[in-house]
Amino acid sequence: MDAGPEPKIVGFLCNWCSYAAADLAGINRLQYPASVRIIRVPCSGRVSPLFLLTALRRGADAVLVSGCHPGDCHYTSGNLVARRRFAMLKSLLEFAGLDEGRVNFTWISASEAADFARVTTRIYQRAKDLGPYRGALRKESGVPRRE
Amino acid sequence: MSKQEELRATARRLLAENRVDLILGYTAGTLPLRTTPFFARTPAEADLLVWNAFCEYNLTNYLPRYTGNRVGIVVKGCDARSLVGLLQQNQVQRERLYVIGIPCAGVVDRRRVALLAGGAEITAADITGGEIVVRGRGFEKVLPMEEVLFPSCRRCRYGNPVLADVVLGEKVPERKETYEDLAALENMPAVEREAYFAREMAKCIRCYACREVCPMCFCKQCFVDGTAPQWLSRWVGTADNLFFHLGRTMHLVGRCVDCGACARACPVGVDLMAFNRKMIKDAEALFGYRAGLDPEAHLLLGTFDPNDPEPFLFRG
């Protein structure tokens, strides 16, 4: 690994596909960056914009949401509803000044372990290039926060 | 007959005929350039209603609280769109409403008037034709109306109510809606834009006035108030303020009609509309969706199309 701080990446993965793909990547001994912290969610439709904001607010340098390919949702339409939300959310966050590459959305099915490894490696690389997130969602003023 | 006289006559008739229990409207404020929300319950009280370019409040915000009453409500163009939003989301029952629509050419931004008048105390203001005349001790200033309207009014395309049982007065000419207000921000490098929003958010004192006046913020419990999970700390800082405003903007996607009530209510003048405007622009560009036009339509984020665009997708 090259020098510099390791980025923290939070991945919200759908239980029915992307989470299984991450599992399969492990079984197949495909390497993916250990910087990716995985949170299993029942569906990409479960991912609230507040989850991503909280992750960035509390220390993540990049976030990833991955669900089933459109049409393959375990709940028929969860990812289709999520897709509209993500389109708006990504545009909003980048409008608010977040670097492109800090919020990532993708579709990875349960059999696409190689895709999972590739996508996470790319996200890791981009996060590393961008450096630690020190943007407005971390900007403190007034009394220091007590954790 | 002026729009105000027509309004009073209509309100009197509705109350006298017992068609409604109350009329939500405006009455003269205690200061020049101001009106105040007014609930007329008797025909006599109807004569206290006013209509002028100072009627800035979006009265539809009160509607979800008057579920047991038959309500007559005065709406401008933007308010009518808010009302459509409330109907879409089953927050009000159409059959309990009598909607008095008034075509609106824009409402006056009193802070801007005060600024242009040099900050001296204004004791009287009159609108004649396309001008507003403000007077105070030892001064009189004439300002063109177009210059003192709220930003959201200057770009408003829906001055004529999209939904009403009766429309008073003549239609106003349609303005062309542009997104020029966003262009400057969109053309900035991301770093500068972030710095701009950080400055704006640093001003915010999180009084939640923007949420309170917003007709679309009708949740019984807001995400900022909860403690399990506690999304936000209780103290005020740039990061938490930005979190709040981004979260609120996401909740308003496909519902905000750009009435500008939040920006008017903000006591510290945060640029509250920029995020919402961006989402309004995107909703139209990506999905051809405009909020508050059709009570039967699904909400933007409440439905989907199998062929929705995926501009956000990262394929590695």
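What percentage of the 316 residues in chain B is made up of buried residues? Buried residues account for 42% of chain B, a residue being buried if 20 or more other C-beta atoms, placed from the backbone, lie within 10 Å of its own.

The model is predicted: local features need pLDDT of at least 70, side-chain atom pairs count only at pLDDT 80 or more, and totals for chains, interfaces and linings use all residues. Residues are numbered from 1 along each chain as its sequence is written, while chains are lettered from A and ligands numbered from 1 in the order in which they are written.

Chain A contains 4 helices and 4 strands, arranged along the sequence as β-α-β-α-β-α-β-α. Its radius of gyration is 15 Å, close to the 15 Å of the globule rule for 147 residues, so chain A is as compact as a globular protein of that length. Here helices (H or I, at least four residues) and strands (E, at least two) are DSSP runs, numbered from the N terminus; the radius is taken over C-alpha atoms, and the rule is 2.2 Å times the number of residues to the power 0.38.

Chain B has 12 helices and 8 strands. With a radius of gyration of 21 Å, close to the 20 Å that the rule gives for 316 residues, chain B is therefore as compact as a globular protein of that length.

| Chain | Box |
|---|---|
| Chain A | roughly 45 × 35 × 25 Å |
| Chain B | roughly 70 × 50 × 40 Å |

In chain A, buried residues form 54% of the 147 residues.

Key: A residue is buried if 20 or more other C-beta atoms lie within 10 Å of its own, exposed if 12 or fewer, and partly exposed in between; C-beta atoms are placed from the backbone.
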